[in-house]
Amino acid sequence: MPLRNTKQAYGSVAKMFHWFMAFIIIGLLAVGLIMTDMPVSPDKFKIYGLHKSFGITVLTLAVLRISWKIMNDQPVLPDMLKAWEKFLAHVGHGLLYVLMFSMPLSGWAMSSAAGLPVSVFGLFTLPNLVMPDRALKVTFMEVHETLAWVLIVMIVLHVLAALLHHYHYKNNVLRRMLPFTKEE
């Protein structure tokens with residue numbers, strides 16, 4: 001399988017970014033929904049620390065992923081799709097990229113506003129994005145939570161669109177992003 005994308009299929013690097021990030025992001029969303037309701041304990045603080053570390057990992061991977069995307073061809077959508085379907089596909093992908101950046105940045109800003117450090121797996125601590133401010137913390141908390149729900153909806157729509165391509169349109173849109181598949 002080639003490393004680079006072609007006009008027909010994604011290469012192994014793009015597939016790796018897609019599936020590795022999908023796994024981390026879905027995990028972060030699930031943990032985020034659970035950890036907020038946990039009672040205060042050392043375990044809760046440990047989970048929050050890991051949540052922050054993996055959030056910064058997503059931000060780092062998003063930078064690398066967008067760089068890879070810029071340097072590579074992008075597989076074209078099937079000709080059988082209508083212009084509005086192609087438009088919605090591009091808007092949906094664009095919104096997913098915006099969320100890959102805005103979710104970790106809003107979480108980092110929320111921690112900064114709360115006066116809590118963002119340590120990345122205990123290896124280093126990021127500088128604060130904003131000065132500690134209680135009202136700003138509440139704002140960033142609401143933004144982060146709202147973005148999480150938007151991201152959940154977008155992931156569901158993304159999966160449904162992939163299944164629509166596979167089962168209804170019977171094209172290769174889903175298959176060309178699956179791991180271990182060859183270019184058609």
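The questions below concern a predicted model.

Colleague: Which residues lie nearest the centre of the largest pocket?

Modeller: The largest pocket holds about 1400 Å³ of space. Its lining has 48 residues, and by class these are 35 nonpolar, nine polar and four charged. Nearest the centre are Ala 89, His 93, Leu 96, His 158 and Ala 161.

Colleague: Which helices each supply at least two residues of that lining, the lining of the largest pocket?

Modeller: Here the helices are given with their residue ranges. Those that each supply at least two residues of the lining are α1 (12–35), α2 (42–71), α3 (83–113) and α4 (134–169).

Colleague: Which helix gives the most to the lining of the second largest pocket?

Modeller: The second largest pocket has a volume of about 980 Å³. It is lined by 37 residues, with Met 35, Tyr 48, His 51, Met 110 and His 144 closest to its centre. In this lining, α1, α2, α3 and α4 are each represented by at least two residues. With nine residues, the largest contribution is that of α2.

Colleague: At what angle do α2 and α3 pack?

Modeller: Two packed helices are described by the angle between their axes and the distance between the axes. The axes of α2 and α3 are 9 Å apart, and the angle is about 145 degrees.

Colleague: How many residues of the contact of α2 with α3 are nonpolar?

Modeller: The contact includes Ile 56, Leu 59 and Lys 69 of α2, and Phe 101 and Trp 108 of α3. By class, two of the contact residues are polar and three charged, and the nonpolar ones number twelve.

Key: Residues numbered from 1 in each chain as written. Predicted model: local features only at pLDDT ≥ 70, side-chain atom pairs only at ≥ 80, totals over all residues. Heavy atoms only, no water. 1 Å grid on protein atoms, 1.4 Å probe; cavity = no way out; pocket = protein on both sides within 12 Å on 5 of 7 lines; lining within 4 Å. Points joined across faces, edges and corners; volume = space filled by probe spheres on them. Helix = DSSP H or I, 4+ residues; strand = E, 2+ residues; numbered from the N terminus. Nonpolar A, V, L, I, M, F, W, Y, C, P; charged D, E, K, R; others polar. Axes fitted to C-alpha atoms, helices over the stretch in contact; angles between N-to-C directions. Contact = heavy atoms within 4.5 Å.
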